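I opened the notebook to look up a few places in this structure, one after another, and to write down what I found.

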Amino acid sequence: MAYQNMPSYRKPTSFILKESYPLPPYSSVIGMIHAACDFKSYVDMDVSVQGRYYSSTSELCTKYEFGNGTKYESGRHNVKLSAADKDYGMIRGMGNVEVLVDMELLIHIKPKDEAMLETIAQGLSYPNVYLALGRWEDLIRIDSVDIVDIKDTELERRIKLSYDAYIPKIIEQQFDEYEVNFSGTIYKLNKKYVINSKTGMRKWDEQIIARYATRGSQINSGEYMLIDDDNYPVFLA
């Protein structure tokens, strides 16, 4: 369990108003875990992301606009970046960013190598750095870290989601389409990137198609799904 005051998980396609995803994408959560544990190489894992927030609002931010190799022009740019070969131009101005108020998070982590569970739990309990999720300034408070069993369980009664959740398409398809009909936006969420050895640039190597299901969504009895020790559903991706 974790809490954030006013985070923003920016959608990469939003520019004028920097819109936020309703929950942190998988890549952000996995990156935070790597920072907490000071991993030097990628540790493969699946995560389940659930949460709820009170409201959303917007706040002012400083934004920078520049092009690759754009030459400085005094009438066009208000920031000059000097380099050995020439001066480059950049525009600094004001923008708006969407933030989510009082975000509570329920995150499950399942490393491919389960021997890493203790290391991850220790890292999140005693992180090497001040942890952030979203922007650099979006500090996160870790309220509890528990190692729990996750079991594939047949539901004996209908349950309602206590939190908003990302439900991967592959999991949603396992439910009876005539009995369970989640409503909500479908997102293509980044999970894992690789670094191009020639350019040094990041490239997204794994993306998950998931539906954002709101709390109160129902899953009927008779369905099989992952449940933890505290009877929370788990949607690993």
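Where is the place of Asp138? I found Asp138 in the loop between α2 (117–125) and β8 (141–142), where helices (H or I, at least four residues) and strands (E, at least two) are DSSP runs numbered from the N terminus. I noted that this is a predicted model, in which local features need pLDDT of at least 70 and side-chain atom pairs count only at pLDDT 80 or more, while totals for chains, interfaces and linings use all residues. Residues are numbered from 1 along each chain as its sequence is written, and side-chain values use heavy atoms, with hydrogens and water left out.

Leaving aside residues up to four places away in sequence, Asp138 touches Gln4, Met6, Pro7, Ser8, Leu131, Ala132 and Leu133, contact meaning heavy atoms within 4.5 Å. I also recorded that the Asp138 side chain reaches the backbone nitrogen of Ser8 at 3.1 Å.

I then turned to α2, where Ile120, Ala121, Gly123 and Leu124 are buried. Seen down the axis of α2, its buried residues fall within an arc of 165°, so they line one face of the helix; the arc is that of the directions from the helix axis to the C-beta atoms. The cover over these buried residues includes α1 (26–37), β3 (45–52), β7 (103–111) and β8.

Last, I checked Tyr193, which is found in strand β12 (residues 186–195) and is partly exposed, with a relative accessible area of 33%.

Note on methods. Buried < 20%, exposed > 50% of the residue type's maximum accessible area, 1.4 Å probe, protein only. Polar contact = N/O pair within 3.5 Å; in protein donor to acceptor, adjacent residues only side chain to side chain.
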